Amino acid sequence: MKSFSKCLAALLACGALSVGMAACSNSSDNSAALLALAAGGQPQPQAASGAYAKIGTQTINGVEYDLVTFGLWPQTIIAANVTVSDSESKTAGAFTYCKGSDGQWYVKIKERACPPVCKYSDGTTAKESSADSWKWFKVEPIKWRVLTTNYNGTGKKLLFAESVLANGVYYDYQSVNRTVGGKTIHPNNYEHSRVRAFLNGLSYQRKASADGQQAACDDFLGKGFLQTAFTAEELAIIADTSVDNGKRSTFPNANAKQWNNGENPYASDTPTTDKVFLLSLQEVTTGAYGFDEDYNAYKGDGTHNESARIRQATDYARASGANQNGTEGLGGWWWQRSPFYGDDFHTRYADSNGESFYYAIVSETNDGIGYGDIVPALCVGN
């Protein structure tokens, strides 16, 4: 076994890595804490684990869900008494993690909160991009709700994140078609969307204008949410899931012909095979998953005191531009994967109060910041 003094020397020699979302930079020196440990002081707390673990249950509108943690992602703003140094760092997909004085990992990003700006969990106000302000966020286990233990008859558990973890546009441009494999690809096509590329760490085809050049965008290739949130060991238990993008998935579960006689020219007959995905309109109105079958049901409608569809944004998501309703108990509006049937540049979303039939422009922005919250789903083996 290596001596502690050799390990300490290695830690103190470790420099910052300039890869990913943000590189570390010195905000304080934690070498004093390491030296105190070498002299017999109290050990640093262990950093959080992303291993799969059941942590309890939750009941919403009479439905009990299992809650689990799985994977790691920056979430809570740094506490006032914690400092971070670049003397110990590591990369995880798109991020560079730096060790805090509390023994936890942190990620630093430039604040670019969307107006109207919201507050963090510590009561401080998130800054808009014009403030040129940077903040640290603690890397923590991701909490998931188990919607079913037999997703589409596969015997797999369907996990749905309890919080908005990120934000961004569904696709970069409105009303600009692409051609892939000889087929016309509309802006609200999920298979070739920016959000799917982000979730799975894929390349996707992008075209800025009708007469512009089409090219592959590799912004997320190998460093999307999937590769950032999970280690190789954790990735091994995430299933390859066949994701339905057909017209049935774009209408409420209770009524396949709710609108337009059930026809959707922008739906795709081709399922995608994904590790991580967005839920469809059909899925977020499925009673077997604990969601209200009424797409129009929402918290405060006179019948519902809660909504299983409400998702609140983490501090990290708020800093990076996620929308978050300022009313207590409400959340942000988050993308579904279902294209709207009426045109090729709108996609469905769930509202901050739990309603689930609205639609937004795929390239929606707020003050120039990509808008629309992202709540991942994935499947694991039982």
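Two strands count as paired if DSSP finds at least two bridges between them. In this predicted model, strand β6 and strand β7, residues 156-161, meet that condition with four bridges and run in the antiparallel sense. Within this pairing, T148 stands opposite L158 in β7.

Strand β6, which spans residues 134-148, also pairs with strand β2, residues 63-77, in the antiparallel sense, here over nine bridges. T69 faces K143 of β6 across this pairing. A further partner of β6 is strand β5, residues 105-110, which is antiparallel to β6 and joined to it by five bridges. There K110 is set opposite W134 in β6. In a regular strand, side chains alternate between the two faces of the sheet.

The largest nonpolar core holds 80 residues, and W73, W144, L158, F225, F230, F277 and L279 have the most contacts inside it. In soluble globular proteins, nonpolar side chains tend to be buried together.

Of its 382 residues, 51% count as buried. Among contacts with a separation of 6 or more, 65% are between residues 24 or more positions apart. The accessible surface comes to about 16,400 Å², and carbon and sulfur atoms account for 48% of that area.

Conventions. Residues numbered from 1 in each chain as written. Predicted model: local features only at pLDDT ≥ 70, side-chain atom pairs only at ≥ 80, totals over all residues. Heavy atoms only, no water. Core = buried A, V, L, I, M, F, W, Y, C linked by side-chain atoms within 4.5 Å. Buried < 20%, exposed > 50% of the residue type's maximum accessible area, 1.4 Å probe, protein only. Helix = DSSP H or I, 4+ residues; strand = E, 2+ residues; numbered from the N terminus. Contact = heavy atoms within 4.5 Å. Areas by Shrake-Rupley, 256 points an atom, 1.4 Å probe, with all protein chains shown as cover.
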